[in-house]
Amino acid sequence: MDALQELKASLAKRGPGGIKSLGRQFRIMDDDGNKNLNLEEFCEGLTDFKVTLTPEKQKELFAYFDKDGSGSLSFDEFLLGVRPAMSESRKRYVDKAFAKMDKTGDGVVTVKDLKGVYNAREHPKYKNGEWEEARVFEEYLKSFEEPNNADGKVTKEEFVNYYSAVSASIDTDIYFITMMTNAWKL
């Protein structure tokens with residue numbers, strides 16, 4: 001799609017921080033503060049961000065990003081459409097981390113899998129007595145899940161999506177790999 005390529009080219013010109021600055025712009029574009037953009041807010045925001053597209057291309061781009069057809073864009077829908085794909089080396093480390101977390105090897109991470117992988121007793125809310133160990137595990141799993149679809153189970157797809165978003169804000173493979181290696185003790 002030409003409009004998407006033009007937007008990505010515009011982001012690329014801004015360097016590694018292009019997507020991050022577009023995220024800030026997204027919040028500015030959200031005039032009514034509902035954490036979603038309607039078509040008018042989206043078009044105004046593109047113009048303010050100096051992405052010059054015809055009104056037709058802006059509508060085409062909006063429709064492309066609006067995967068659920070709701071007539072509004074969430075930041076996640078938007079980010080999924082513009083972020084670059086992860087490199088193969090990054091994917092390998094994400095796969096290694098998922099495999100480490102998925103103790104049962106069934107392709108889904110649950111609280112049961114986390115025991116022995118994640119130390120809930122080091123969590124501040126566990127330490128201060130606010131949460132039990134099980135709650136720490138549940139909340140940790142939620143961080144990888146889709147916000148409106150939390151079921152206490154993290155699929156590989158959800159895990160990869162989470163790290164794809166993280167990857168989009170990290171400039172180099174070596175930094176991403178170092179972060180994954182340290183975080184997951186790979």
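I started at Lys 35, which sits in the loop between α2 and β1 (36-37). Its phi is near 65 degrees, a positive value in a residue other than glycine. I checked the cover next: Lys 35 is exposed, with a relative accessible area of 66%.

I noted that this is a predicted model, and I looked up the confidence. The chain averages a pLDDT of 85, and 92% of the residues score at least 70. Which element has the lowest mean pLDDT? Helix α2 (residues 18-29) does, at 70. Helix α6 (residues 88-101) has the highest, at 96.

I then turned to Lys 185. Lys 185 is in the segment after α11 (173-184). Its phi is also positive, about 50 degrees, although Lys 185 is not a glycine. Lys 185 counts as exposed at 66% relative accessibility.

Salt bridges came next. I found that the structure holds 9 of them.

I looked at Lys 57 and Glu 6, whose side chains meet in a salt bridge at 2.6 Å, N to O. Lys 57 lies in helix α4 (residues 55-65) and Glu 6 in helix α1 (residues 2-13), so this pair ties together parts that are 51 residues apart in sequence. Lys 57 is partly exposed, with a relative accessible area of 24%. Glu 6 counts as partly exposed too, at 32%.

I moved on to Asp 173 and Arg 90. Their side chains form a salt bridge of 2.6 Å, N to O. Asp 173 belongs to helix α11 and Arg 90 to helix α6, so the pair ties together parts 83 residues apart in sequence. Is Arg 90 buried or exposed? Arg 90 counts as buried, because its relative accessibility is 5% and the cut-off for buried is under 20%. Asp 173 counts as partly exposed at 31%.

I logged one more pair, Lys 125 and Glu 130, with a salt bridge of 3.9 Å, N to O. Lys 125 counts as partly exposed at 30% relative accessibility. I also found a network of salt bridges that links Arg 135, Glu 139 and Lys 142.

I looked for surface charge. Asp 31, Asp 32, Glu 40, Glu 44 and Asp 48 form a negative surface patch. I followed up Glu 40, which lies in helix α3 (residues 39-48). Glu 40 is exposed, with a relative accessible area of 56%.

My last stop was Phe 75, in helix α5 (residues 75-82). Phe 75 is partly exposed, with a relative accessible area of 26%. I took its separation from Glu 60: 15 residues in sequence and 17 Å in space, C-alpha to C-alpha.

Conventions
Residues are numbered from 1 along each chain as its sequence is written. This is a predicted model: local features need pLDDT of at least 70, side-chain atom pairs count only at pLDDT 80 or more; totals for chains, interfaces and linings use all residues. Side-chain values use heavy atoms; hydrogens and water are left out. Patches are made of residues with over 30% relative accessible area and no salt bridge: like charges are joined within 9 Å, nonpolar side chains (Val, Leu, Ile, Met, Phe, Trp, Tyr) within 5 Å. Accessible areas come from the Shrake-Rupley method with a 1.4 Å probe; for residues, only the protein chains shown count as cover. A salt bridge is a side-chain nitrogen of Lys or Arg within 4 Å of a carboxyl oxygen of Asp or Glu. Lys and Arg count as positive and Asp and Glu as negative; His and the chain ends are not counted. The place of a charge is taken as NZ of Lys, CZ of Arg, CG of Asp or CD of Glu. Helices (H or I, at least four residues) and strands (E, at least two) are DSSP runs, numbered from the N terminus. Buried means under 20% relative accessible area, exposed over 50%, partly exposed in between (1.4 Å probe, protein chains only). pLDDT is the predictor's confidence in each residue, from 0 to 100.
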